[in-house]
Amino acid sequence: MTLAQALDLAAVFVFALTGALTASRAQLDIIGFVFLACLTGVGGGTVRDLLLSRDPVFWIGAPQYIAVACAAAVLVFGAAHLLESRARTLRWLDAVALAIAVPAGVAAARTMEAGVSVTLIMGVVTGCLGGLMRDVVANEVPLVLRQGELYVTAAFAGALASVATLALSGSTALALGACVAATFGLRAGSLVFGWRLPVYRGRPPRG
């Protein structure tokens, strides 16, 4: 298994956990758990592979990714009631998943010899779209769009850190490590310390 495949597998599992936790909050049945877990786990990577014209899409070529997502769904279905706060656990698991998925997207783009701009975009797409799909389907305000929170910003910063580190050091492992650290550091800072970007404050409409 390559490093890119290992990152994809880890990202699928952790994102699938968040999908299943969302299903538990909505009190869905086991099929709902599996559906949301699989959608969240492979959603971002699927869009990435389609955009990169990778054939086949990663989980079609290796069905164990779906099996991992299903296992995550079953795990959460049996254990979610033991959690003190599913909402808090969801946010932190999502932060971990983001920090794994962004370097997975960067690594996938590198294997396709994509340019810098495409590599950055693929990191963001892989990290953000699975969670976005999860929240839209579950009829929740997407974490990606929470007011001022560092989410897409964290993903972009992580991808940028990876590209910059690779250019300076030439080490793929070091570059992906920098991506994980930057992504998780910014996302965790947003959750713990309330780090925010300025938000638009327009004038109230007249009349």
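Reader: Hi! What kind of model is this, and how are residues numbered?
Author: Hello! It is a predicted model, where local features need pLDDT of at least 70, side-chain atom pairs count only at pLDDT 80 or more, and totals for chains, interfaces and linings use all residues. Residues are numbered from 1 along each chain as its sequence is written, and side-chain values use heavy atoms, leaving out hydrogens and water.

Reader: Thanks! Is Thr22 buried or exposed?
Author: Thr22 is buried, with a relative accessible area of 0%. (Buried means under 20% relative accessible area, exposed over 50%, partly exposed in between, with a 1.4 Å probe and protein chains only.)

Reader: And what is Thr22 in contact with?
Author: Leaving aside neighbours within four places in sequence, Thr22 contacts Leu36, Leu90, Arg134, Ala138 and Glu140; contact means heavy atoms within 4.5 Å.

Reader: Switching to Thr119, where is that one found?
Author: Thr119 is in helix 6 (residues 116-137); helices are DSSP runs of H or I, at least four residues, numbered from the N terminus. Thr119 is buried too, at 3% relative accessible area.

Reader: What does the side chain of Thr119 reach?
Author: The backbone oxygen of Gly115, at 2.8 Å.

Reader: Nice. Now helix 4: which residues are buried there?
Author: Tyr65, Val68, Ala69, Ala72, Ala73 and Val76. They sit on the same side of helix 4, because they cover an arc of only 140 degrees around the axis, taken from the directions from the helix axis to the C-beta atoms.

Reader: What covers them?
Author: The cover includes helix 1, helix 2 (30-52) and helix 3 (58-61).

Conventions:
Helix = DSSP H or I, 4+ residues; strand = E, 2+ residues; numbered from the N terminus. Polar contact = N/O pair within 3.5 Å; in protein donor to acceptor, adjacent residues only side chain to side chain.
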